[in-house]
Amino acid sequence: MSWRLDKRENNAHEYPTICMEKQKGAMRLSALDLTAENLGLKLGQGMVEARAMCPNIETIHADHDGDMAFLNALADWADRYTPLVGLDAPFGKAQGLFLDITGCAHLFGGEEEMLKDMISRLHQMGVYAQGAIAPTPGFSWGLARQHSPENYDFRNTIMTWDNARIIALSFPMAALRLPLDMLVALDRVGLKNVKDIFDAPRKPLTKRFGPFLLKRLDQMLGQEDEPISPRLPVASLSVERRLAEPIGRQEDIETCIEQLAKSLQNDMEKRGLLGQQFMLLLFRLDGIVRRLDIGLSAPSREPKRIKILFSEKLDNIYDEADAGSGFETIRLCIVSAVETSDQQATFSGKNNIQTDIDELADQMIVRLGAERVLKPAFHQSFIPERATSFISLMKNAFSKEEIQSEKNRPIRLFSNPEPVLAIAEVPEGPPITFRWRRSHYQVARAEGPERIGAEWWIDGEDARTRDYYKVEDKSGRRFWIFREGLYERESENRDGLVPRWFMHGLFA
């Protein structure tokens, strides 16, 4: 299914309206309404020529950012019909929407009733829309724009494959969604309609115009797949409730959320899933859509927990005026889920995974934001102070292999190693005594070295090798110290710098 959207009310304009922008050093037409099309005006036409053809033309400066914002708002509104909503915005210029309604039409009484409902709702919001349902996106695109020389009205219609080929061949070349310069080149050689290239030899056409021309033809006729790319990730599971009467009170919304969460809980139990990220869509009666997201530090399927987190979200952003005339449809989706096996519940009725810490973390994430609630994580780096950092609690935890590789690191690791004065029996041996923070320590035991090479691709070729030692003084205190630089091999090549000692962490 495809829509063409005209941001005006029905045929209220007495004069044709066009959008203009500077192209190739001159002001040209970048968009036009149906009245302007019927007068023979064309995209890319110069403003001087357009005014000569129609002196009473109304002009508006093009605003592509505003058009895209408007199209995205309409795409949010169209989510009520199908989650697979794609933008028709070549080169960042808003033109319409693609909707994949496979398996969704029966929810609205069939394809015909679904299309009527869409068009009538848009007209009530002051948006003049043309739509069509067809087996392929390219075919529906042409039908929605009524590219037919016989002037048959194919807008707002449903087309099957029975007579699709005959109608498609009657389309002009513009129905193939080709660039303007290619359309001009085709017109110069007399190729004006789709039927002119359908039976023509393919090799000469490809050699002269490139493969894109025949690709568009095959996509329209269903000989090459053209999937619709949804603008948002498709939810793993979703449930929705269409209300007989719109609601606006926060308490009523929270009640619906809990009921929807219970429905999701049953579906997740059947599939062995736990929800990690949830999305709530509130469809307002006037077409505006509110979208709320929450993430869980520990996956869950508990309805009360989901309701509490969305309640926290609603408390922060909800306003009675924001409900407008009320919400008519509420949808709860699972954006991200993980597989799990059933776990034995404790006597308190909670699973082991749902601890008080997890619930506290979830509430902090909702109130403060996911990027402000952090946890430690490992990174791929040989240098210890670079191998650890803090990431969002919502991101995946480190693997068991990473934990195993770091299990011998000290409990407290300094972000910046501190200088140490140390004495060793042999140049490349462990220290026997050292001075750190104005205190003197005698080494009783030492283990090492653990040699870590420099990351020369970050610190440069002059970066020095580190030899780490675990040392214990006579009082039982354990330290992690290292010598930076190797005697003879690195000191001679680095302006005679003597290797230095540093304190990097404490074990106990």
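**Exercise 1.** Is Phe482 buried or exposed?

*Solution.* The structure is a predicted model. Step one is the cut-off: a residue is buried when its relative accessible area is under 20%. Step two applies this cut-off: Phe482 has 1% relative accessibility, so Phe482 counts as buried. Tyr468, at 1% relative accessibility, likewise counts as buried.

**Exercise 2.** Determine how the rings of Tyr468 and Phe482 are arranged.

*Solution.* The ring centres are 4.7 Å apart and the planes stand at 40°. Planes under 30 degrees apart count as stacked and those over 60 as edge-to-face, with the rest tilted; the pair is therefore tilted. Tyr468 belongs to strand β18 and Phe482 to strand β19, so the pair ties together parts 14 residues apart in sequence.

**Exercise 3.** Classify the ring pair formed by Trp436 and Phe479.

*Solution.* The model has 14 aromatic pairs. In the pair of Trp436 and Phe479, the centres lie 6.1 Å apart and the planes meet at 75°, so the arrangement is edge-to-face. Trp436 lies in strand β16 and Phe479 in strand β19, 43 residues apart. Trp436 is buried at 6% relative accessible area, and Phe479 is buried at 3%.

**Exercise 4.** Which residue of β12 stands opposite Arg242?

*Solution.* Strands β9 and β12 pair in the antiparallel sense over seven bridges. Within β12, Thr329 stands opposite Arg242. Arg242 also lies over the face of Phe108, 4.3 Å from the ring centre.

Definitions and conventions. Residues numbered from 1 in each chain as written. Predicted model: local features only at pLDDT ≥ 70, side-chain atom pairs only at ≥ 80, totals over all residues. Heavy atoms only, no water. Pairing = 2+ DSSP bridges. Helix = DSSP H or I, 4+ residues; strand = E, 2+ residues; numbered from the N terminus. Phe/Tyr/Trp six-rings, centres within 6.5 Å; stacked < 30°, edge-to-face > 60°. Buried < 20%, exposed > 50% of the residue type's maximum accessible area, 1.4 Å probe, protein only. Lys NZ or Arg CZ within 6 Å of the ring centre and 35° of its normal.
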